[in-house]
Amino acid sequence: MNKNFLTKQYNKDNGFKIKHNYLEQQFRNSEKIFADIRKLVKKGDYTLGTYVSEFENNIKKITKAKYCLGVGSGTDAIFLSLKAIDLKNNDEVITTSYTFYATVGAIVTAGGKPVFVDINNSLNIDPNEIEKKITKKTKAIVIVHWSGYACDMDKIMKISKKYNIPVIEDACHGIKASYKNQPLGTFGITGCFSLHPLKNLNVWGDGGFLITNSKKIYNKLYLLRNHGLVSRDKCKIYGYNSRLDSIQAIVANNLLKGLNHITLSRQNNANFYDLHLKNIKQITIPDYNKKIIKHVYHLYMVVVKNRYSLIKFLHKNGIDAKIHYPTPMHLQPASKVYNYKKGDFPITENISKSVMSLPVHEFLKKSDLLFVINKIKDFYEN
């Protein structure tokens with residue numbers, strides 16, 4: 001039996017008029033990408049070749065980080081970061097319960113024990129709760145800039161400095177986002193990014209990268225991502241195989257040219273939604289501080305009343321409304337071993353019961369946004 005649930009999901013999503021998935025439009029004209037791939041085929045440097053180095057240099061310019069390494073995925077970026085700080089089995093890692101599975105999965109597969117913390121009304125980890133969870137076993141704090149909105153980095157880095165606990169930034173949603181004009185991913189010991197096909201900067205499969213300003217961490221990560229090799233015939237440490245493919249680097253390099261447009265379009269679309277949805281009493285827009293934080297809206301999320309009925313209504317009208325995510329990490333079957341229970345993190349649990357995501361990508365027209373807005377109004381007025 002075929003257990004690949006993604007194929008069924010793709011087919012379902014393609015049936016909507018207004019979609020989260022915009023890849024067909026984004027790659028409709030891909031001749032420049034194919035031309036670069038043909039050059040790659042002639043050169044043959046498929047693994048950690050010149051295109052990967054070019055991509056890493058481009059990212060350093062964008063993020064102002066000293067070092068960048070292309071890796072196999074955003075998940076790998078978090079996993080390798082934890083290995084680079086010498087995480088040991090059962091070391092505790094503080095993180096949010098409101099995130100994608102990859103954040104926690106990386107912690108667990110690296111040998112760590114996730115210690116969850118509640119969120120606040122920005123949908124990000126509540127920094128006021130972090131300090132309460134620190135013990136002698138705490139090895140790291142993995143924060144998540146959820147949907148491309150920065151965590152409170154002043155408070156978090158103050159805690160990090162006070163206890164000498166490194167911060168790893170899960171910035172997989174956060175390319176081009178910033179906190180007080182400083183790019184996300186440059187506060188902690190590493191910043192971890194995803195190039196998954198539906199991220200703001202995406203490729204034709206899995207891919208990711210990490211950034212750091214620490215030469216020591218960079219040197220260790222450089223070894224860890226490629227079997228620990230310092231040369232073809234010398235292995236300094238035993239590492240992993242997590243290399244960004246040259247083909248994916250080509251795709252990413254081409255899309256980098258339009259990243260400013262992608263970012264601005266998503267921000268404009270989100271602001272348009274905000275303007276028209278904020279006065280609907282059944283909808284709450286998350287508590288965002290846009291004066292000091294540049295939000296890049298990997299997801300556009302609102303808290304709504306009668307969520308499942310609303311989503312069913314929007315689906316019926318061709319709008320791909322989604323839930324990211326209905327069950328928080330501490331209540332997932334995989335987390336049973338950690339003995340969390342309902343009620344442990346009330347804000348996270350309430351948000352998970354009522355949050356909804358709307359398409360926000362750069363290919364939406366104003367008429368599409370108005371259609372979505374008017375259908376939401378129709379639902380609540382009838």
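A pocket is an open set of points on a 1 Å grid over the protein atoms alone, with protein on both sides within 12 Å along at least five of seven lines. The model is predicted: local features need pLDDT of at least 70, side-chain atom pairs count only at pLDDT 80 or more, and totals for linings use all residues. Residues are numbered from 1 along each chain as its sequence is written, and side-chain values use heavy atoms, without hydrogens and water.

**View 1. The largest pocket and the residues closest to its centre.** Its volume, the space filled by probe spheres set on the points, is about 1,300 Å³. Of 47 lining residues (an atom within 4 Å of a point), Phe100, His196, Leu198, His324 and Tyr325 are closest to the centre. Helix H1 (5–13; a DSSP run of H or I, at least four residues) gives the most to this lining, six residues.

**View 2. The largest cavity.** A cavity is a set of points where a 1.4 Å probe fits but cannot get out. The search finds one of 30 Å³ or more, with a volume of about 40 Å³. Residues lining the cavity include His173, Phe193, Lys199 and Phe209.

**View 3. The crossing of H12 and H14.** The axes (lines fitted to C-alpha atoms over the stretch in contact) of H12 (307–316) and H14 (366–381) come within 10 Å and cross at roughly 130°. Contact (heavy atoms within 4.5 Å) involves Ser309, Leu310, Phe313 and Leu314 of H12 and, among others, Lys375 and Phe379 of H14.

Methods:
Helices (H or I, at least four residues) and strands (E, at least two) are DSSP runs, numbered from the N terminus. Axes are lines fitted to C-alpha atoms, for helices over the stretch in contact, and angles run from 0 to 180 degrees between N-to-C directions. A crossing is left-handed if the near helix is turned anticlockwise from the far one by less than a right angle, and right-handed if clockwise.
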